[in-house]
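Hello,

Here is the structure I said I would pass on. My notes follow below it.

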Amino acid sequence: MVSEHRTADVNFESLLRIFTIPEGPDSTLTQIEEKLSRNLNQFLREHIVAEEKPLLEIEKDFSNASIPEQPEFVSDHTQHLLDTLVSHSVHTSAPSFIGHMTSALPYFLMPLSKIMIALNQNLVKIETSKAFTPLERQVLGMLHRLIYQRDDNFYAQWMHSANHSLGAFCSGGTIANITALWVARNNALRAQGEFKGVEKEGLFKAMRHYGYEGLAVLVSERGHYSLKKAADVLGIGQEGLVAIKTDNDNRICPAALKEKIAELKQQNIKPFAVIGVAGTTETGTIDPLQEIAAICQAEGCHFHVDAAWGGATLMSNNYRHLLAGTELADSVTIDAHKQLYIPMGAGMVLFKDPEAMKSIEHHAQYILRKGSKDLGSHTLEGSRSGMAMLVYAAMHIISRPGYELLINQSIEKAKYFAELIEAQPDFELVSKPELCLLTYRYLPAHIRQALMAANSEQKAELNELLNELTKFIQKRQRETGKSFVSRTRLNPIHLDRLNTIVFRVVLANPLTGKDILGSVLEEQRCIAAQAPNLMGKIEQVVEKINAS
């Protein structure tokens, strides 16, 4: 800790120094840079404290709403950030923190990020990005080819075409999904006769012209929450996002999808898009994409695949078949900050048809000129950083076979953990892994037997107590700081669709060894023993069930 609070002088000469000359070799910031370069994971282990500090206590360090009147020395402020911010951040790259979508990052991204930040390119237009524009177009082409497998002539024709786009770089899956549905909506309500199109005349006039009573997007019950935002932003309303029931494996039911489309049409509601999920957030489940594609083709609906999580699986020749049907989609979302191991803030949406994004094309005389190669003419976001550089670098340094190894080990590790859970007498595997996500809960054998024998009322009572136990274990484990799993809510068929809280793990981190997985279970087992009151209530219900 800094023993006394020092302030620097406010003068133009000192301000110029922070723009031009770095601090000396003994400064705090220089030492941090050296440690980050030598061993990133060790630096994070040393500076992020294990035991959780209450958020109310952390808020006290960030409670002053006044902009400082006097500057601080760089080293002093860096030490302040280490003490108040870094030390109480989430150690997302820790091998034992297996509840996050984020993972450890390759070390080379740190120095490359410095280059990207120093260049400070703005990808909205060619004048502020120059070489970054063709680089981003190439990255989009590489991901497009990964999905759609078109030939060299296709990419030679379309990848750098000023009047076309194979997709858009976004800050994440939310913006990517919104962009896909924006394109779908505008194409569904395109110009016709005297009607100039929804983008010109708005939703009210578009609905009146086409004679629709409403618009709908259909997705499984396991669709990501970002889709509600998309429905809201695009003016169809959250009620226009129609949930389709899922089967025992959390996959959308094609028969139910067909029925719902027919029902909506009878109500004169236009189902303009259907979303297939390739890797649900809760369980990593992949919808039957080929069947959905056939339904969409027959019904004239835009078929979007939300592969924000699972899209990277296409890199693996062993597991690519799990995403069969993705190539039939009109648009696909992929997040590079998930299993492409890129820092947060790198999502993409790809379109099969290079003409598709013309429905959202925007120009402005001072910035996005017609006929230019400005990327901003086809993106929802305006000013954007050059994150594509990091994806470009990773795809060259790691390569497709390298990503294949990472994907394979993550899926195989999830299978191992599932087998380990099933071998325990006091844990229940709730959802088997299809990718590298799975869910489970603490459930001793005698309680499981009672749950199976219980009537509906008893089952609901016991399940609610087990939910409380799962929450207790997950929260205590997080607070202790040795390891972390997240939790979510499912509705398993074998529990009569009761709301069931489960542990959720994501095994994407290549640093996570099999030994860690066993220790996570052992820690949860020990924490359960620390809840005698809750366990006592559970045992009382079990006795009541056994007696009946």
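Please keep in mind that the model is predicted.

Where is Lys338 placed? The residue sits in the loop that runs between strand 6 (331-335) and strand 7 (347-351). Lys338 has a relative accessible area of 15%; buried means under 20%, so Lys338 counts as buried. Leaving aside residues up to four places away in sequence, Lys338 is in contact with Met101, Ala308 and Trp309.

Seven strands make up an open sheet with mixed pairing, and their order is 1-7-6-5-4-2-3. Strand 1 (167-170) and strand 3 (241-244) stand at the edges; each has a single partner strand, so one side of each has no neighbour in the sheet. On average, neighbouring strands of this sheet are turned by 20 degrees against each other, with direction ignored.

Within the sheet, strand 4 (residues 269-277) and strand 5 (residues 302-306) run parallel and are joined by five bridges. Gly276 stands opposite Val305 of strand 5.

Helix 12 (residues 254-266) packs on the sheet, where the helix touches strand 2 (214-220), strand 3 and strand 4. The direction of helix 12 makes about 160 degrees with that of strand 4.

Regards

How values were computed
Residues are numbered from 1 along each chain as its sequence is written. This is a predicted model: local features need pLDDT of at least 70, side-chain atom pairs count only at pLDDT 80 or more; totals for chains, interfaces and linings use all residues. Side-chain values use heavy atoms; hydrogens and water are left out. Helices (H or I, at least four residues) and strands (E, at least two) are DSSP runs, numbered from the N terminus. Buried means under 20% relative accessible area, exposed over 50%, partly exposed in between (1.4 Å probe, protein chains only). Contact means heavy atoms within 4.5 Å. Two strands pair if DSSP finds at least two bridges between them. Axes are lines fitted to C-alpha atoms, for helices over the stretch in contact, and angles run from 0 to 180 degrees between N-to-C directions.
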